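Please look over the sequence and the fold before reading on.

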Amino acid sequence: MVENEIMGTKQWILLLGLVLNICQHAFAFGRTSCIIPLENKCDFICDCKDCSDEQDCGYRGPDYVCDFEHEGMCGWTVRSDEGGYMWQRQQSGQTLPDSGPSSDYTTGTSTGWFMAVTAVSSDSPRTAVLMSPKIKHSSPTCRIRLRYFIWDAGHTGLGDAPLWGSVWTADGEEAVVWRPEGTSVRGWREATIYLGRILRHFHVHFHSRRREGKQGDVSIDQLEFLDCALPVPSVSGSCGPGYVKCKNDGCVEDYKVCDSTDDCGDGTDEENCDLYTGCNFEDGLCGWDLRTFSSIKWTRTNQMNISLSKPLKGPGRDHSTNTVAGHFLYVTKPDVLKSDWTSFQSPPLLPTNHTHPCQMVMYTHQFGRVSGGLSVLVAERQIYPVWKRGGSLGDLWVKAEVELVVNSTFQIMFVAAIRDQEYGGVAIDDIVLSPECRFTNESMPQPDYPKSPAHPCTEESKICDFAVDCVNGDDEAQCGDFFYVNGSSGWTDISIGNHAWDVKLEYNDSIKEEFLYVTSAPGQQLTEAQTRTPLLGPSGPVCTMQFSYSLTGRNPHIGELSVYVVDSVLGTLPVLWEFAGRTNETAGIWVKQDVYIGAREHRFQLEFSARAEELSSDTQVAVKDIHYIDCHRDFIPSNDLSCNFEVNLCGWYQDQTDNFDWSLNSGMDHTIFDGRSLMVDMWDISLRGLSGRLLSIRQNAINTEHCLSFFYKLYGPNTGALAVKLLFEDGTEDLLWMRSGAHGNVWHEGHCIVPPQLTAFQLVFEAVRSGFDGQLALDDVVFVTGSCSLPTMCSFESQTCGYISSGRARWVHQNYASSGSGPETDRSLETQKGFYMLAHSGVDVLSQGSKTTLTSPVRRGLSHTECVHFWYHTGGENPGTLNVYVKPSEGNRIRLFSNSLGQGNAWHRGQGNVSWHGNWQLQFEVEGGGGQNTYIAIDDITYSTHSCPTADNTCDFERGLCGWSNTQRPSVDWLDWDLTNVQAEKFYSTPPYDHTLHTDEGHFLFLPNSQRDTANQNAWLLSPHLASTKGTCLSFWVYQPTMSDSKLIVWRLSGGAMHELLRLHEGGGNWKYFSANITSDTEYQIVLEGFKGEKGVLALDDIQYTVGVNCAGQKTDTTSSPSSSNTGAIVAAVIVSVLLLVTLSALLLFYLKNKQRSRALDSNRSVVNCAGFGNELYESDQTGLRELTNECGRNKNHAFPFSVFKI
């Protein structure tokens, strides 16, 4: 009984706790949640304080943006047909994709998300559909700004409709609202979808239809819903001057009354319009006369009659109802007709005057390349134009107003120009005439037709090509250059919203001043004012547009001004230049600006786009004195490709078909340090797209070998890649040279052999954004006839660097992707596509004891010892013996290295000291060992300007990484450890000093924090391969501030397995010492894995491993004889010593005879020292670099280091 009572009491207590918990949650829910009627959800108005009613509506409030960074995809859902072609949310990933975007648009990195289509291969077209959630309604100004990507990566063809947008309503109707430019471009482009007034619930659909295509060929990102809400009641309850009040208590501008658009959302502004004469063409033509002399005719139709299955046909919808069933007037190009014009006209109207003008509102749809423009003319005694809009205005209905003051009976004429192009047309809807426009039955006299325009003085392609071809320069007079009297008339306003451009003339002290300025306009959309030139160009490599601009007024932020290029093939390109804010408070103050246009292969237009925050009498957004400078395509300022970039780019220029430009930077020069160099900041959060390319002036065919020399930086934890290519006239490319990954905050010297070319070509420096947190720099480029000297590093990525095979078998330049044999990845890129040199040593190719040799070009001897580093890979049992020799120009070979052991499936590092002062060659010799299907491969041969690291296995990073290395395998890490010092660092946070020297000049490795969202990404630092051990002590110093959220894990890697040795989360505010014992029964590597934090910095210095001695100082391993790597160095040192003693007496005589020559070469030897590190291992004499700073400064300008070439 007592037990039952106790159990009952417990149950009551549990029940009471549950009730209290429910009440607590209910109280919290009442404080933070918001309950609204379902019909008010997704209406672009935040009814809840946290805007929860506008979440997952195709956007996330209160910014109404969807960037697809969240798994919920803002409520968008995927639909597809039976073919499996569909949309999916994805990232570009760690490896550079061969299809799709290399990064998303929102974050600009490989970790950002976007929506992309899957791969497709089908006999019939397949359609993928991405559908938004249900949205309540939209306003007349509603639009979606988005970024889209269309690239035919597989060259299979995009088809007629790779991407389009539509609106689907609850009654089953679907109207096309967006058809982007369908050209293939490897980059994100911006577009705007104009939804307009939609009265009922709807969904937005994105469609892609293709037969063949790769994953990601079509992608979208960063959707922004703009100005979509209907008017809301004002706070005061009344509307201000210039506004009318709607029944729903909202306010709209009075000029929107009776304009055939429901701006209020409840129809208030379109009531009481009986005195207006409107025609929406739903019930007929309303008296408009479609008769014309032209062979093509206007027709009254709707989209249902044009096409519901072909997205590119017709305007997609009418303006009156915004549906496929609504009617309009339409004209397009017949299948068999070329360019022409056509017209229609109103009934006769009575005369008007200035006090009672006839006001006409109309809505036009000028879409696609068929649209050549639309004009409104008045026909009375004569016919003359009163309004015009050229070309295509986009995929939307544009509101326009025309004021007509005519003192005799007249008619209104609409004239459309039709081009012989693939798609598009011109449509008109909702013509509204004010009460002052009065029809009459009076007969019209036959008007005098205007004279035909004068015949062009030259062919069309030469008009506005920046070269005078006609007398008095008539062909260039109306191209937008204010140098000509009528230059301003070349700018045509194409604005579609409430801002527009106009021309103003002012006289200041009897001096005429003409400028373009932004003014108010009757357009419906809340968009920028736009004005464009006629088609220009093509242009040359230094083409520049110069102008002065003014944004003045009391407001600190007057508005924005931008310059765009509209390519005749590719469409509108990313913004070229932009300014936001205010230039001065007082009008009349102008700022001069030069905007680089560069070489444009296609004809193009220039566009000024501007918007003012508020237009008033004291606000001005204006542009004047527009001039084109050195724009003719044949204007070449310099043919000299040797350039230090101190004054200009010499014979180099920016590619205008890439994604971003190189920038000239002061204060980080290769030689004098405060000069100028070219760079790309991968950490710049504004960068988008894959590559930025620097092109040389076109070079004629060459029949001899040339050498391209340069200095470069690859710096940062995620820096991307630098490539050198040959570009040919047919668009094909050859890769000459490539480096990727962290190379330290120092300059490196690069060499490229340019072989003889049978056709014209261009050289290309390409910065590749395969990384997103680093810096690339370029300086002191030299291009000369003759062979390069032996390069400081050869990765075999594009060529063999002059190495020649000889012997019983051939060394092969290959990669695993194409050959299917040898190492699965190279050492440089650690991918299957990376190249190396391979000797098949199997008995069927190279019999036992037979030899094959790989010999380098001749290398000039130095006065001091240098180190040769290389990586080798052996495959199979008994692969044979690898010997590495120095072959002097005279005398016997000296062996540097020998190894005959199978090393497993891994690249191993070899090295040897070279102390030969005369000319010599490097030889890799493989001797067959009798094995089956065996090989020996070589990669990444590097020369450093000091002796090889000693066997003490201590690295203070003052001379590089001492055999430690980053990995480029995306399967194991994202980032790289990089080398720097406090003195050189200008961007990242660092420790206050290094540990070794305790100065700002000492070096260390670090993983810094930056603006890039790469937190929690990792970087591996790998030791050389180490022999098995019963006890080795690893010690190192770590800088990891308390505030840092980075971490460090130490691993032993052996046999493909990872064994954790140490884990650090916080090292303290200063350098801190750590150690760990290592035991291993097999060969192993040490891995220092750092994880980047959201703040702070992680740094390493003074790494040491004591082979065979544990951390207690106890000797654990038996001492072995000198390794094969060191034996060669010892033998070489003995032989060299003997030779030095024999030739000692000859050295003085040699010096005296060549004293003058030595002086001439002093500066050349300085340049060699100034090269800094010359390889990915960062092996170099930095002390020599610092000591020669001043000497290098005297060699800057154009005194290039020609001594590095063999001429």
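Two strands are said to pair if DSSP finds at least two bridges between them. The model described here is predicted.

## A paired hairpin

Strand β25, covering residues 499-508, pairs with strand β26, covering residues 511-520, in the antiparallel sense and over ten bridges. The two strands form a hairpin with two residues between them, and D509, which sits in that turn, has a positive phi of about 55°. N508 stands opposite I511 in β26.

## The largest nonpolar core

The largest nonpolar core holds 40 residues, of which W76, W87, W178, L195, F206, I220 and F225 touch the most other members. Among the elements that give two or more residues to this core are β8 (174-178), β9 (185-194), β10 (202-213) and β11 (218-226).

When neighbours within four places in sequence are left aside, the contacts of F225 include W76 and L195, together with F44, Y59, Y64 and I144.

## A contact across the sequence

V176 is found in strand β8, and it counts as buried because its relative accessibility is 17%, where buried means under 20%. Although V176 and G316 are 140 residues apart in sequence, they are 4.8 Å apart in space, C-alpha to C-alpha. Beyond its neighbours within four places in sequence, V176 is in contact with W164, G165, S166, P311, P315, G316 and R317.

F293, W341 and Y449 make a nonpolar surface patch of about 430 Å². W341, which lies in strand β17 (residues 340-345), is partly exposed, with a relative accessible area of 42%.

Technical notes:
Residues numbered from 1 in each chain as written. Predicted model: local features only at pLDDT ≥ 70, side-chain atom pairs only at ≥ 80, totals over all residues. Heavy atoms only, no water. Core = buried A, V, L, I, M, F, W, Y, C linked by side-chain atoms within 4.5 Å. Buried < 20%, exposed > 50% of the residue type's maximum accessible area, 1.4 Å probe, protein only. Helix = DSSP H or I, 4+ residues; strand = E, 2+ residues; numbered from the N terminus. Contact = heavy atoms within 4.5 Å. Patch = residues over 30% accessible without salt bridge, like charges linked within 9 Å, V, L, I, M, F, W, Y side chains within 5 Å. Areas by Shrake-Rupley, 256 points an atom, 1.4 Å probe, with all protein chains shown as cover. Salt bridge = Lys/Arg side-chain N within 4 Å of Asp/Glu carboxyl O.
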